Structure formats: C-alpha cells, structure tokens
Amino acid sequence: MKRKRESIFKAGYVIGLLIISVAAFMWYSHKLKDELRGLVRNTLKEVSNQNVLVMQKEIEWDLAALEEIAERISAMGETDEGEILDVLRRIEERYSFKRFGFCRADGIVHTTVDEMADVSEREYFRASMQGESYISDPLIDIMDGEEIIVFSAPIKSDGEVIGVLCAPYRMDGLKEILEVSSFEGEGYTYVIERDGDKIVDSTHPTSFRNMTNIFKSMTEADERNDQAVEDLKLLLDAGQTGYVIFYNKVGKYMYATPLGIKDWFLIDVVPVDFMENTSNYIINRTYIMCGILAVVCAVIAFLIMSEERRKKQRIQNLLYVDELTGGNTLARFKIEVERRMQVHYKKLAIIMMDLDDFKLVNELFGYEEGNKVLRFLSRTLKESCCDGEFTGRSNADRFYILFLYEEEKEIKQRILKLAENIQRLRMSETMEYLLHPVFGIYYVKAGDDNVEDMMDCAALAHNMAKQARNSTYKVYTDEIKEKELQKKQLSDQIEHAYRNHEFIVYYQPKYDSITRKLAGAEALVRWRRADGQMVSPGLFVPLAEESGFVCKLDEYVFREVCLAQKRWMDKGLDIVPVSVNLSRRHLDNPEFINEYKAILDESGVPIEYIQLEITESAMFEKKEDFVQIMERLHDLGFMILMDDFGTGYSSLMMLKSIPIDVMKLDKSFVDDYDDERGERIIRCVMRMAQDLSIAITAEGVETEAQYRFLTSVGCDTIQGYYFARPMPEEEYELRMQA
C-alpha cells in the first residue's frame, strides 16, 4: 500500500511538473513573440538611425568643408576671380563636388570648369548673400541639366559678405549612399520632404516607380493605404520617428526618421513577410534549442549528482586552500567577504597587494626562493589581520585583504606598517634586495553588493599606485575608474587610427623676435577621427608614450614634415626650419637614427631645414646613452632643441655635456615674467644660454607685454598664440607665402 501511494505521488509529481512545463513553455512562446515584435521595431529604428547618420555625416562634412574653403578665400582679401579659381582648382580633387563656383553680389558664377551662369535668382545664392551657409532643394544643373543639390557658403571681407562660394553635388551621389543593401537586399530607402515630395528615390525593384510624391504613390498603389497615408502625414507634420504598414503588392513596413537637415525625412522600407519569416525562424530555432538544452541539462545534472559525493571534499580543498602557501584561495576570500558584509557592512576595506617587479626575485634568486617569499607574504598578511579580517591569494604574488576600520586613516597606517614588516625580509646574505609591496585600497560603500566589482576597484587603485612608481598605496576614486576606461578605449583605437590615416600634422610657427618674420615652426601630431572629431593630444600622446607607439607616431611626423618641406621647395617657397619632437622612447633603440637619416636623404631636403626636439626630462634617463645619441645626431648635422626647459631637473653640468643648439623656455617661465623673482630667473637663463652659445626660443607667448619683455632680454625667437596657434599644413603654407 505504501509503495502504491509512493507511485501515485511520483506520477502526480511528474504530471504536475509536465503541466507546469507546458504552461511555462506556452507563456514563454507568447513572451518571445512579443519580444520579437519589439525587436522588429528596434531593428527598423537602428537601421534607420544608421542611414540617417551616414547621410548627415556626408552632407555635414561637405558643408563644413565648403565653409572652411570659404574662410580661406575670405582670408585672401581683395583678389580677382582668376586667383580664386586657381585655388579652387588645386583642391577640388579632394572633394566629392561636381565643381566649385564663385560669384560676387551680381550673381554671375565663375566655375572651375571655365563656364559662367547667372544664379542671382537661386535661393541658395540669396541665402548665402545674407551670411548663411545653405543646402538647396533638388535643382536642375544650369550647365548640363543633371539633377543636383547645391551647397553654398558666404565669402566675407571685414565682416561683410562680398560673394558666395557654391558647389553642386550630384543627386546620384546621395542615391549611391542610400543604396547600401539592408535586410538581405529586401530593404530600400527614400529621402522626402515634409509634404511628401521626393528628394532621393530608390532603384530597388519593388520600390515605387517614377515617384514624385510618396503620399500620391501610396494612394495609387493600393486602396488599403488611406489610413497609412494619414498616419504618415501625422508623423511627418510632428517631426517624429515612427512606422506605418502599407501595401504595394505585398505588405511593407515604412519607418520615417527626421534627417535633421532642412525638412527632409529618411524613409526605410522592408516587407512585412521578411520580418515575420525572420521571427518565425528565430522562434522555431529557439524551441529546438530549448529541447536540446533540456536534454543536456538533464544529462549533466545526472552526472553531477552521481559524482557529487566522491568529489565534494576534494573540490572544497581545491577551491578554498592555496596549495603553495597553505593559506586561503581567492574563492574562499570572496565567500568570507560576503559573510562579513552582513555584519560590518559600512566598516570594510578591500585591499589588493603585490610586489613591484616580483619576477626579479625569481630571476635573481630562483623559483624556490620566490616560493618562500610568497609563503612569507601569506604568513605576514595573516598575522596582520584582527578578528573578523581575512586574506586570500589570487595568483603569483597578488593577494587580497579584508580589513575592518572605524576611520580611514587607520587603514593607511596599517598598510604602511604592513609594508615595513614585509621589507624586513632579507633575501640573501650576500646580496641586498628590498621588497617593494604596492597596495590598492577600496572602501566599501553603502549599496555595494558585488564582491568582484569591489575587488576590481581595489585593482584599479593598485594599478595607479604602480604607475606612480614612488607610491606605496592609492585609494580608489570614481575618477580613477573613468580615467582607466578612457585610456583603454583610446589605446584600442590608436592603432586603428594610424592604419586609417587619421593622424595629421599641424604646424606652430616661430617668429624672429626682432624682425617679426617667420623663422621656423614646430610640427605637432593631431588626431582627427573619420567623422572629423579631434582627439586632444593630452589624451592620446601619454598613452602612445606608455605603449611605445609614440615612436611610430614620431617617425610618421618626421616623414610627413620631410615630404612637406620638399613640396614647398619645389613650389619655390622660402622654407624655414621645422622641428620634430623626439620621444624619450627612442633612447631604447638608437637604430632610429639611421632610419631618420634614410627618410631625410630620400626626401632630398637639406638637413638644416629639419630639427629635432627632445624634452628636458628625457636627458635624465639613461644619461650615457642619451649623450651618445645626441652626439651622433649632431655629427650628422641635425640641430637639437631642448623642449620644456625648466619643467624638470636641469643643471648647468647637464647642459655642458649635451650638445644643445636651442633651448626652449617653458611657458611656466614666460607666465611669471612680471614677477620680480620670475624676471630675474629669466634674465639669468638668458645670460647662461648666451655664454654657452645656445639660442633661446620662448614658448607659450600670448600677450604683447610678454613679447616686449622677452625681446628686451635677448630672446631669439617667439612661439605662442601671440603670433599663431598650431595650424594645418594648408594654412601654414599661406603663412610662408605672406
């Protein structure tokens, strides 16, 4: 009777489980279909947003380029049409416009294809004569009857509009941008105005033929489209994104998105069947995968249960006892932290520790001694713990500690004491070696509930302490995490940017302090992303220094400057020396000298027109190697400039032993010129440089008063915003011609 009751109970249990499973499966199917419908809408939205971004970037880039060219022409002052057209012809191959045109207030356009026309009645001409950059609606090209839109920008003189720079753009070019295949070739795109008139149509086989107005085409395609037309009009009138379903032989989704350019909208179309087929495919595949997973899970559960008893003790030992030190593993540490958080939630600090350059211990004393050090660290950390505190080893020499505290200063005092105890270990009777522990501290805050995240925060603080080199510990802050994220993102992007030719060279002119004539320039690397956004050198240059990539950047700038100087020589311009920065990283590979000399020789530029700048701080790293490298460069004929003089640890003895031709006075000195002590220091530096036959260039000169003072004390050349900011190659070339 008992067995019968057990059988009935088991049967009931199985039936109940089956009913629950079927109900859960039906609920899941319903939810999955709802989710997939939402996915369809989101997919349409994402595709539309991508198309909008592509179109916006193309048009905004071209308009920005035209405005930049207009500014350059404005800077030329009073110039006849011939000179302007010559400038435009030289640059027109860089852009995707059909041609360039220039017209004055009379509306007669002079083009780079030597044709003229009257555009005085064109809307874009009138708008730009009012000082506005403008994009026209579709027009018929006066020259050849092709369908175009026209970009225009005002040309000014002394703040007054004196003419218009215009450039037609083929509508076929916009159409090609939108013809990128989407939804496996089933989707296509239009651009329309708010009133439904066509801007750009589609050549897709299933699109409307010869469309002039989308509302008209929808109405003519199917009588069921009346409501879709009304709904689409409401969306466009409100300037909102959204979709309608219409019929053109088959049902289709139509997703509308404002372009943000005039009253233009992007319309993405995809068949309903295509999207539904995709959803059904996903649902069917999901059902199959659920079935497979259920079987796999059942098998895995059976195997785990059958082996659980035999392996339980062994697994616990592997998880919780560190085989090398006999202490706690990281897994045990995490469990203990979670337990203690329930009692000491607001008084916990998680600390990560390792030794600076622990690998040297293994290399100098052997791995057995290294293991002894790890066991010593485990014992020392354990002895430093009070009731309720805990330690655990992650890997190698990395340990984590959980401390309790009342005030934060207690943690810092205990860490300094712990570091002192660790440094008492004597590695060898014959060799003196001091261990250097480094700590990262994270104070647990209200709301923290993820031990992994808290340990990561301690690790970030530890990394900052290690980078500082002279710091025993660092406390985690949100700023540390933000900086690490930014560094990681930029580091990942730098190599791609280099391959994508996103790095460019800017030039900051230097002027003779007496004649005020151009005397030279400094070449500076800049990062301009593919979308035109500039990345601050203060962000990417330190990362390049840290990774060693800066050597590749320096060589790129050197090569670009050599080629630019050669181009200017061939044009007959009076070139002046350009200095190129040399990173301290080059000290690790003196072979760069031969590479630089080969680049210079290949360019054909005389060596006196290419100078090299090295920062003052680099002189104190590997001094003997540095002196040899500088002497080799000097022997080849390079002029050496010492950059940022005054920011490091300069001394007269260093200047005496290193062949420096030019000393660049740092901006921090220039800013203090009107302070009595600052003025005396500057005069002293000037006299010292004159005695050593070293020329002086002042950096960061921004005011007339600074310029006059520096000239009065004998400064040779001036560099700074007072004369010019860093500028692109084209603008610098105009400076040489002035």
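Select helix 10 and helix 11: helix 10 passes helix 11 in a right-handed crossing, that is, with the near helix turned clockwise from the far one by less than a right angle. Helices here are DSSP runs of H or I, at least four residues, and strands are runs of E, at least two, numbered from the N terminus. The axes of helix 10 (residues 367-384) and helix 11 (residues 408-422) come within 11 Å and cross at roughly 145°; they are lines fitted to C-alpha atoms over the stretch in contact, with angles from 0 to 180 degrees between N-to-C directions.

Now show side chains. Contact (heavy atoms within 4.5 Å) involves Phe-376, Leu-377, Thr-380, Leu-381 and Ser-384 of helix 10, and Arg-414, Leu-418, Asn-421 and Ile-422 of helix 11.

A word on what you're viewing: this is a predicted model, where local features need pLDDT of at least 70 and side-chain atom pairs pLDDT 80 or more, while totals for chains, interfaces and linings use all residues. Numbering runs from 1 along each chain as its sequence is written, and side-chain values use heavy atoms, leaving out hydrogens and water.

Next, pick Phe-503, Tyr-507, Phe-558 and Leu-633, which touch the most other members of the largest nonpolar core, a set of 79 residues. Such a core joins buried Ala, Val, Leu, Ile, Met, Phe, Trp, Tyr and Cys through side-chain atoms within 4.5 Å, buried being under 20% relative accessible area (1.4 Å probe, protein chains only). Helix 15 (residues 550-570) gives this core its largest share, nine residues.

Finally, zoom out: the protein chain has 22 helices and 27 strands, and 44% of its 738 residues are buried.

Note on methods:
Buried means under 20% relative accessible area, exposed over 50%, partly exposed in between (1.4 Å probe, protein chains only).
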